[in-house]
Amino acid sequence: MKFSPLAVFKDFASFFPMLWAVLRGKYKMPWATLFWALLCLVYMISPIDLLPDVLPVLGITDDGAFVLLVLAMLHKDLEGFRRSRSKQEDVIEAEIVSDDTHPQK
């Protein structure tokens, strides 16, 4: 992964739509991705941290570092989701409707 602010922003912005697509059954998330995402969520919510949040800068820094680590691990899966979503946007769905007013010969 090319570690740039733009790549991190794109991955972070793609994560929640991917999660929403998984919840609706539109996208199948790999189990490892789901595991790391849930672990990151629990770590962020949990009052038990590696460095307590009451420490002025270090407490929040370890949370941010863990989020960046998880995003780096999930980068490949997030790119796959963006590719599949762009392919879906290229597809035009149509329905064939028969015309019953003209009888077939």
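Buried here means under 20% relative accessible area, and in helix α1 that label goes to Ala7, Val8, Asp11, Ser14, Phe15, Met18 and Ala21. Keep in mind that this is a predicted model. The overall picture is simple: the protein has three helices and zero strands, running α-α-α along the sequence. Buried residues account for 26% of its 105 residues.

**Helix α1**
- The 20 residues of α1 should span 28 Å at 1.5 Å a residue, and the C-alpha atoms at its ends sit 29 Å apart, so the two figures agree.
- A helix has 3.6 residues a turn, so residues three or four places apart point the same way.
- After α1 comes Gly25, with a positive phi near 80 degrees.

**The nonpolar core**
- The largest nonpolar core has 16 residues, and the ones touching the most other members are Phe15, Met18 and Leu78.
- Each of α1 (5-24), α2 (31-45) and α3 (58-90) puts in at least two residues.
- The top contributor to this core is α3, with seven residues.
- Phe15 touches Ala37, Leu74 and Leu78, once residues up to four places away in sequence are set aside.

**Thr33, a residue to look at in α2**
- Thr33 belongs to helix α2.
- Is Thr33 buried or exposed? Its relative accessibility is 0%, so Thr33 counts as buried.
- Skipping neighbours within four places in sequence, the contacts of Thr33 are Met18, Leu74 and Asp77.

**The largest pocket**
- The largest pocket holds about 300 Å³ of space.
- Its lining is made of 14 residues, of which Phe15, Phe16, Ala37, Cys40 and Leu41 are the closest to the centre.
- Which helix gives the most to the lining of this pocket? That's α2, with six residues, though α1, α2 and α3 each supply at least two.
- The lining residues come out as 14 nonpolar, no polar and no charged.
- Phe15 links two of these topics: it is one of the residues closest to the pocket centre, and it is among the core residues that touch the most other members.

**Contacts across the chain**
- Taking contacts between residues at least 6 apart in sequence, 56% join residues at least 24 apart.

Terms used. Residues numbered from 1 in each chain as written. Predicted model: local features only at pLDDT ≥ 70, side-chain atom pairs only at ≥ 80, totals over all residues. Heavy atoms only, no water. Core = buried A, V, L, I, M, F, W, Y, C linked by side-chain atoms within 4.5 Å. Buried < 20%, exposed > 50% of the residue type's maximum accessible area, 1.4 Å probe, protein only. Helix = DSSP H or I, 4+ residues; strand = E, 2+ residues; numbered from the N terminus. Contact = heavy atoms within 4.5 Å. Expected span 1.5 Å × (residues − 1). 1 Å grid on protein atoms, 1.4 Å probe; cavity = no way out; pocket = protein on both sides within 12 Å on 5 of 7 lines; lining within 4 Å. Points joined across faces, edges and corners; volume = space filled by probe spheres on them. Nonpolar A, V, L, I, M, F, W, Y, C, P; charged D, E, K, R; others polar.
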